[in-house]
Structures are given as structure tokens and as C-alpha cells.
Amino acid sequence: MNILAWIVLGLIAGAIAKAIYPGHQGGGILATILLGIIGAFVGGSLGVFFSTGNFALAAPTLSIPGIAVAVLGAIVAIFLWNALASRSAL
């Protein structure tokens, strides 16, 4: 997938994940895009792991199922980030 598609997928998935996840998540548009791109990798890798049982770094395509997987991955990434940030604040 080319870089423009990654940016679009990241923006869409990150914005949807930030809207769904409760609480306030800081960051601007670049943080949202990065969150969505990271979510795409997390979601794609988890999808491959659960379907085949093997871990492989994978990412979904720019499609409706791909966006859904990227949003789920971005929600997992937000959860992990909040867990790590709250642990380091202690």
C-alpha cells in the first residue's frame, strides 16, 4: 500500500478510535494519524495471529474491513499507551 493510503487509513482509523474510546486523548492530527497507522499494524498482526496461529507483521488494506481492523488495533494501542503512561506516572 502506498504512503498516501497509509496516511488516509491512519487518519480515519485514529479519528474513529479516539471518538469511540472513553476519556480524553491528547494530540493533534499527526498524533491521530500515527495512532491509526500503529493501530493498523497492531490490528493486522492480531488478525493474522488469531486466524493462522503464527505471528507476522501485517497491515490491512484501505477497505471497510481494513478500517475496522485498524480501528480495533488503534483502540488496543490507546489502551496500552494509557496503561504504560499511568504506570510511569507512579
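Leucine 30 counts as exposed, because its relative accessibility is 64% (exposed is over 50%, buried under 20%, partly exposed in between, with a 1.4 Å probe and protein chains only). This residue belongs to helix α2, residues 29-52 (helices are DSSP runs of H or I, at least four residues, numbered from the N terminus). From leucine 30 to phenylalanine 50 is 20 residues in sequence and 30 Å in space, C-alpha to C-alpha.

The model is predicted: local features need pLDDT of at least 70, side-chain atom pairs count only at pLDDT 80 or more, and totals for chains, interfaces and linings use all residues. Residues are numbered from 1 along each chain as its sequence is written, and side-chain values use heavy atoms, without hydrogens and water.

Serine 45 also sits in α2. Serine 45 counts as buried because its relative accessibility is 6%.

| Residue | Relative accessibility | Class |
|---|---|---|
| Leucine 30 | 64% | exposed |
| Serine 45 | 6% | buried |

The serine 45 side chain reaches the backbone oxygen of phenylalanine 41 at 2.8 Å. Beyond its neighbours within four places in sequence, serine 45 is in contact with Phe55, Ala56, Leu57 and Ala58 (contact means heavy atoms within 4.5 Å).

Helix α1 spans residues 3-20, 18 residues in total. Its first and last C-alpha atoms lie 25 Å apart, close to the 26 Å expected at 1.5 Å a residue (1.5 Å times one less than the number of residues). Buried residues of α1 include Trp6, Leu9 and Lys18.

Terms used:
Helices (H or I, at least four residues) and strands (E, at least two) are DSSP runs, numbered from the N terminus. A polar contact is a pair of N or O atoms within 3.5 Å; within protein, one must be able to donate a hydrogen and the other to accept it, and residues adjacent in sequence count only if both atoms are side-chain atoms.
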